[in-house]
Amino acid sequence: MNPLTRPFVQLSIDAVDLVLADPEGRYDPDLFDRYETFEAARDAALTSVEVMLDEADYDDESHRLDLEQVRELLESAHSFEELESQPEYQRFLHSSTPVRSAA
């Protein structure tokens with residue numbers, strides 16, 4: 001798969017789904033869900049976060065708060081640049097090693 005055709009990746013960091021731009025293809029498409037548009041990747045990550053919150057599928061209060069914060073970030077972002085400019089997004093992105101997407 002050409003990463004330029006699907007440059008956005010949905011990944012989970014500390015059991016919180018996020019969106020990452022990866023036009024270089026560093027994240028293996030066999031392990032991570034890739035999307036053509038930011039909106040598609042954002043919606044997939046947002047759906048995962050909302051399901052976890054709706055089903056109370058979180059480890060503890062801290063995890064729940066992280067999920068709620070990411071939900072707000074994803075809901076308000078209309079572009080990847082807008083999401084990427086948020087300090088909270090940067091904190092999540094650099095907080096741990098990404099793991100395989102849950103989707």
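Biologist: How many residues does α2 have, and what span does it reach from its first C-alpha to its last?

Modeller: Helices (H or I, at least four residues) and strands (E, at least two) are DSSP runs, numbered from the N terminus. The expected span of a helix is 1.5 Å times one less than its number of residues. For α2, 16 residues reach 23 Å from the first C-alpha to the last, close to the expected 22 Å. This is a predicted model, where local features need pLDDT of at least 70, side-chain atom pairs count only at pLDDT 80 or more, and totals for chains, interfaces and linings use all residues. Residues are numbered from 1 along each chain as its sequence is written, and side-chain values use heavy atoms, with hydrogens and water left out.

Biologist: Which residues of α2 are buried, and what covers them?

Modeller: An α-helix has 3.6 residues a turn, so residues three or four places apart point the same way. Buried means under 20% relative accessible area, exposed over 50%, partly exposed in between (1.4 Å probe, protein chains only). In α2 the buried residues are His-63, Arg-64, Leu-67, Val-70, Leu-73 and Leu-74. Their cover includes β2, α1, α3 and α4, contact meaning heavy atoms within 4.5 Å.

Biologist: Which residue caps the N-terminal end of α2?

Modeller: Asp-60 does, with a side-chain oxygen 3.2 Å from the backbone nitrogen of Ser-62. A polar contact is a pair of N or O atoms within 3.5 Å; within protein, one must be able to donate a hydrogen and the other to accept it, and residues adjacent in sequence count only if both atoms are side-chain atoms.

Biologist: Which residues touch the most other members of the largest nonpolar core?

Modeller: A nonpolar core is a set of buried Ala, Val, Leu, Ile, Met, Phe, Trp, Tyr and Cys residues joined through side-chain atoms within 4.5 Å. The largest one here has 29 residues, and Val-19, Phe-38, Val-70, Leu-74, Phe-80, Leu-83 and Tyr-89 touch the most other members. At least two residues each come from β1, β2, α1, α2, α3 and α4. The largest share, eight residues, is from α1. Phe-80 touches Phe-8, Val-19, Leu-20, Ala-21, Phe-38 and Tyr-89, leaving aside residues up to four places away in sequence.

Biologist: What covers the buried residues of α1?

Modeller: The cover includes β1, β2, β3, α2 and α3. Among the buried residues of α1 are Phe-38, Arg-42 and Met-52.

Biologist: How many salt bridges does the structure hold, and which residue pairs with Arg-34?

Modeller: Side chains of opposite charge can pair when their charged atoms come close. A salt bridge is a side-chain nitrogen of Lys or Arg within 4 Å of a carboxyl oxygen of Asp or Glu. The structure holds seven. Arg-34 pairs with Asp-22, the closest N and O atoms being 2.8 Å apart. Arg-34 lies in β3 and Asp-22 in the loop between β2 and β3, so the pair ties together parts twelve residues apart in sequence. Both Arg-34 and Asp-22 are buried.

Biologist: How do β1 and β2 run, parallel or antiparallel?

Modeller: Two strands pair if DSSP finds at least two bridges between them. β1 and β2 run antiparallel, joined by six bridges. Ile-13 stands opposite Val-16 in β2. The hairpin has two residues between the strands, and Asp-14 takes a positive phi near 50 degrees.
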